[in-house]
Each structure stands twice: as structure tokens, then as C-alpha cells.
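Trainee: Please pick one part of this model and look at it closely with me. Then connect that part to the rest.

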Amino acid sequence: MIKIQQIRAANKEDLAAVNRLLPQLSADARPMRPADYRSLIRSKSNFFFAARDGGKIVGMATLVLMQTPTGWRGWIEDVVVDGEYRGRGIGWRLSKTLIAAAKKRKAMNVKLTSRPARRAANRLYRKLGFKRKITNVYKFNIRY
Ligand SMILES: CC(C)(COP(=O)(O)OP(=O)(O)OC[C@H]1O[C@@H](n2cnc3c(N)ncnc32)[C@H](O)[C@@H]1OP(=O)(O)O)[C@@H](O)C(=O)NCCC(=O)NCCS
């Protein structure tokens, strides 16, 4: 049975699984170093959730909560399910869990971006109730 849970403690096996998932998210993703993984998990504003099959992490998603002068907002990043486990509702459950975590902490909304080419992801988010917001997304590259 697949379980969704927040990861609160770092271990090598989980980090190795996360690093196996990263290339499935982006060809450019670099493997996480142990110190970065620890800080991701420990940060008070990050909520790192994983889907486990037995002990093994087979999917992950991160919610970031931020406070601005206009309120608390959630941001979802790096949702990915291992290729062998797709189409079983894991992406849905991970996303629902993140939304619930944001609601629990009184966030006004949750935002994310997804390139149109990510067809499965865009279908998933729309089915979950995300509405496309017409805005310009800007990116200032600091690291290449
Ligand atoms: C996008 C991604 C995370 C989806 O994960 P997944 O586990 O395969 O998705 P699910 O099985 O939960 O959803 C599959 C389908 O069932 C639907 N679904 C699942 N559970 C559901 C439920 N309880 N109620 C209604 N619909 C449901 C989904 O919306 C989707 O619909 P579709 O058949 O029209 O595509 C996965 O394809 C992936 O990792 N892609 C590569 C990385 C990526 O693009 N990440 C997104 C970055 S923005």
C-alpha cells in the first residue's frame, strides 16, 4: 500500500530515492547533497512529502509556505512520481496532502507553475481545482 507522509528526518536511503526521482522531474536537476536535503526537511517553511511503497520513496512533492504583507501563501514545487508508479493516484494524493497542509496553516491560496508540455501534470492540477491565472511569470537566473 502506498503511504503519503511528511519526511521529518533525513536518511541516506531516502536521499538516494529522491536523487533517483530528480531526473524524472527535470533533465537539468542536480543530485541533492546531504546537507541540502537536511535543510529542506528541517526548514520551518518547507513541507516535504513523500509517497512510500513499503519503505521506498516513489514520489515526492514540496509545499513552501510564505508570509507576505498580504497574508500567508502556499507554493507547490517539484511534484514527481516514479515512472513505474504513475497513473495510480499518487500525484493526486500528494497534491491533496499539500493543499490540506496549506489550509491547516491558514494559507489564502496555493500556487504553482507547470509548463504546457507537462500534459499529465496540467491535467492533474486542473482536475484538482487549480485555475489558470493570467499573469507573466518572470525568472531571474542566479545559478546556471
Ligand atoms: C504529473 C505526475 C506527478 C502525475 O502523477 P501520477 O501519480 O501519475 O498522477 P495520478 O495517478 O494521481 O493521476 C492520474 C490521473 O488520474 C486522475 N486522478 C487520480 N486520482 C483521482 C481522484 N481521486 N479523483 C479524480 N481524479 C483522479 C488524475 O487527475 C489524472 O487524470 P488523467 O487520467 O486525465 O491524466 C507524473 O506524471 C509525473 O511525475 N510527471 C513527471 C514530472 C512532472 O511533470 N511533474 C510536474 C511538475 S509541474
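Mentor: Helices (H or I, at least four residues) and strands (E, at least two) are taken as DSSP runs, numbered from the N terminus. Ala 17 has its place in helix H1. Hold that residue for later.

The model is predicted, so local features need pLDDT of at least 70 and side-chain atom pairs count only at pLDDT 80 or more, while totals for chains, interfaces and linings use all residues. Residues are numbered from 1 along each chain as its sequence is written, and side-chain values use heavy atoms, with hydrogens and water left out.

Strand E2 covers residues 46-53. Of its 8 residues, 7 are buried (under 20% relative accessible area; exposed is over 50%, partly exposed in between; 1.4 Å probe, protein chains only). The strand is thus mostly covered.

Take the neighbours of E2 next. Strand E1, residues 2-6, pairs with E2 (DSSP must find at least two bridges between paired strands). Their sense is antiparallel, and there are 5 bridges. Ile 4 lies opposite Ala 51 of E2. Ile 2 has Asp 53 of E2 as its bridge partner.

E2 also has strand E3, residues 56-68, as a partner. Here 8 bridges join the two strands, again running antiparallel. Look for Ala 50, with Met 60 of E3 opposite. E2 and E3 form a hairpin, with 2 residues between the strands. In that hairpin, Gly 54 has a positive phi, near 65 degrees.

One side chain of E2 deserves a stop. Arg 52 has its place in this strand. Arg 52 counts as buried because its relative accessibility is 12%. The Arg 52 side chain makes a polar contact at 2.8 Å with the side chain of Asp 14. A polar contact here is a pair of N or O atoms within 3.5 Å; within protein, one must be able to donate a hydrogen and the other to accept it, and residues adjacent in sequence count only if both atoms are side-chain atoms.

Now step back to the sheet. E2 belongs to an open sheet of 5 strands, ordered E1-E2-E3-E4-E5. The pairing in this sheet is mixed. E1 and E5 are at the edges with a single partner strand each, so one side of each has no neighbour in the sheet.

The protein chain has 4 helices and 5 strands. Along the sequence, the pattern reads β-α-α-β-β-β-α-β-α. The C-alpha trace spans about 40 × 35 × 30 Å along its principal axes. Of the 144 residues in the chain, 38% are buried.

Ala 17 is buried, because its relative accessibility is 5%. Arg 33 comes 16 residues away along the chain, and the two C-alpha atoms are 13 Å apart.

Asp 78, in strand E4, has a positive phi near 55 degrees. Asp 78 counts as partly exposed, because its relative accessibility is 37%. Lys 106 has a positive phi too, near 65 degrees. Lys 106 is in the loop between H3 and strand E5 (110-111). With 66% relative accessibility, Lys 106 counts as exposed.

At Val 81, a backbone N or O atom is 2.8 Å from a ligand oxygen atom. Gly 87 also has a backbone N or O atom 2.8 Å from an oxygen atom of the ligand. For Gly 89, a polar backbone atom lies 2.7 Å from a ligand oxygen.
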